[in-house]
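This briefing concerns the structure shown below.

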Amino acid sequence: MKVAVLGYGTVGVGVYEMLQAAEGLEAGPVLVRPGKVNEPFKVDSIEAITGDATVDAVAEVMGGVEPAFTYALAAIQAGKHFVTSNKALVAAKGVELNRAARENGVAFLFSAACGGGVPILHNLARAVETDEILSVGGILNGTTNYMLDQMQSIGLDYGEALRQAQQLGYAEADPTADVTGLDALRKIMLACAVAWGELPQEGLLNEGIDSFTAEDVRDLAARGFVCRLVASGKRAEDGRLAAYVEPVLVSAGDAESAVLRNYNMARYEGRCSGPIAMIGQGAGRYPTASAVLRDLSGIAAGESAMFPAGCVNGAADNSAEVHEYYVRLPKAAVHSLPVAAVLSDDGETLRFRTGEVSVKTMHETAASLRADHHAVFFAACRRSA
Ligand code: HSE
């Protein structure tokens, strides 16, 4: 199977190298930006790929919704199988691409778009055929896990931790999506669609780590906690779909505390299987490229879809999800959160644990305090902070 590659950045180089070494797969042309064609295998127009009858499949690793979506549709309509690592693309346009691929009789797979090298979507797509999925989630962003780990274990400051994550090829070209939780949110959107045939587009909530400070690290360490950025997706009995990302406090006994550096811990719970978790590198050239290659060899073996037929766009509702929260905010900030215990008060900054609060209320309260220029950090508690 001859595979064309769209994009020649961190992941694209890895995919091209792996294709050259893979049995049963052949490296085809690589699409680069105009003016960047400096080697014979590179082309700068999508038509050079869609019009090439020897190309069987297209692997898109450019990132971003456009022009990736236009290229994806062109490839699918030209009868090429389509594989992508692009979370933004599948989160925004996955339903249309799933439909187009099925109508054109080609495969549409995107393992690398959630979990990096961790085969969570592949396994989830198989599990839904025989089991009912109750929840999906976990640590799904390698950049922020690396940053949190380095801030907590060796005391790096936020800026230096982010710089290193960028240098190591973990972060997006613009790391805003990583640090605000949007990248992890897109991944949980994909997992929800694989699990329940509904790709939520509205009602989603993401809180990242961009307000996490060295002082928060110290305060949490003194209480025996570390922070992880966790994505959650859940289908309630009444059909409501919860989908959100937020920092969570974990302690030494929690599996997440052992997830270090750029690793992810992706999990799902099936009614019959019970909880299943997979740990591996969630970002980086070769882990991500390995997931792209796994999809390609899966196509050669007859795999064709991750979203179910009839997958639709839908909405999330996070009002029934409830946690206690650890909150840090300026003492002067006026809020209506229930305070269960004041943890510290230095006259300027207040740290407290809330009583039970819905995810929706917590995220909306933080957004409204920030609109009033208050610096807020919050994290869900598994047990009392
Ligand atoms: N920026 C992403 C991450 C890359 O850090 O997880 C892998 O999706």
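**Helix α7 and its surroundings**

Helix α7 is followed by G169, whose phi is positive, near 80°. The model is predicted, so that local features need pLDDT of at least 70 and side-chain atom pairs count only at pLDDT 80 or more, while totals for chains, interfaces and linings use all residues. Residues are numbered from 1 along each chain as its sequence is written, and side-chain values use heavy atoms, with hydrogens and water left out. Helices (H or I, at least four residues) and strands (E, at least two) are DSSP runs, numbered from the N terminus.

- The buried residues of α7 (residues 158-167) are A161, L162 and A165; buried means under 20% relative accessible area, exposed over 50% and partly exposed in between, with a 1.4 Å probe and protein chains only.
- These residues cover an arc of only 100° around the axis, which puts them on the same side of α7; the arc is that of the directions from the helix axis to the C-beta atoms.
- An α-helix has 3.6 residues a turn, so residues three or four places apart point the same way.
- The cover over the buried residues of α7 includes α6 (142-153) and α8 (176-179).
- At the start of α7, a side-chain oxygen of D157 comes to within 3.2 Å of the backbone nitrogen of G159.

- N141 is placed in the loop between β7 (133-139) and α6.
- With a relative accessible area of 3%, N141 is buried.
- A polar atom of the N141 side chain lies 2.7 Å from the backbone nitrogen of T144.
- Leaving aside neighbours within four places in sequence, N141 is in contact with D178, D183, A184, K187 and N264, where contact means heavy atoms within 4.5 Å.

**Aromatic rings**

- A search of the whole structure finds eleven aromatic pairs; rings of Phe, Tyr and Trp (its six-membered ring) pair if their centres lie within 6.5 Å, with planes under 30 degrees apart counted as stacked, over 60 as edge-to-face and the rest as tilted.
- The ring centres of Y326 and F377 are 6.3 Å apart and the planes stand at 70°, so this pair is edge-to-face.
- Y326 belongs to strand β15 (residues 322-330) and F377 to strand β19 (residues 377-381), so the pair ties together parts that are 51 residues apart in sequence.
- Both Y326 and F377 are buried.
- Ring pairs also link F82, F108, F110 and F307 into a cluster.
- The charged end of K93 sits over the ring of F69, 4.9 Å from its centre; this requires NZ of Lys or CZ of Arg within 6 Å of the ring centre and within 35 degrees of the ring normal.

**Domains**

- The protein chain is divided into domain 1 (2-113) and domain 2 (322-381), with bounds from an automatic or database domain assignment.
- The centres of domain 1 and domain 2, taken over C-alpha atoms, are separated by 45 Å.

**Backbone geometry**

- Most residues other than glycine have a negative phi, and most peptide bonds are trans.
- E66 and P67 are joined by a cis peptide bond, with omega about 10°; P67 lies in the loop between β4 (57-60) and α3 (68-77).
- R261, which is not a glycine, has a positive phi of about 50° and lies in the loop between β11 (241-250) and β12 (263-270).
- At 42% relative accessibility, R261 is partly exposed.
- H373 has a positive phi near 70°, and its place is in the loop between α12 (359-371) and β19.
- H373 counts as exposed, at 74% relative accessibility.

Notes:
A polar contact is a pair of N or O atoms within 3.5 Å; within protein, one must be able to donate a hydrogen and the other to accept it, and residues adjacent in sequence count only if both atoms are side-chain atoms.
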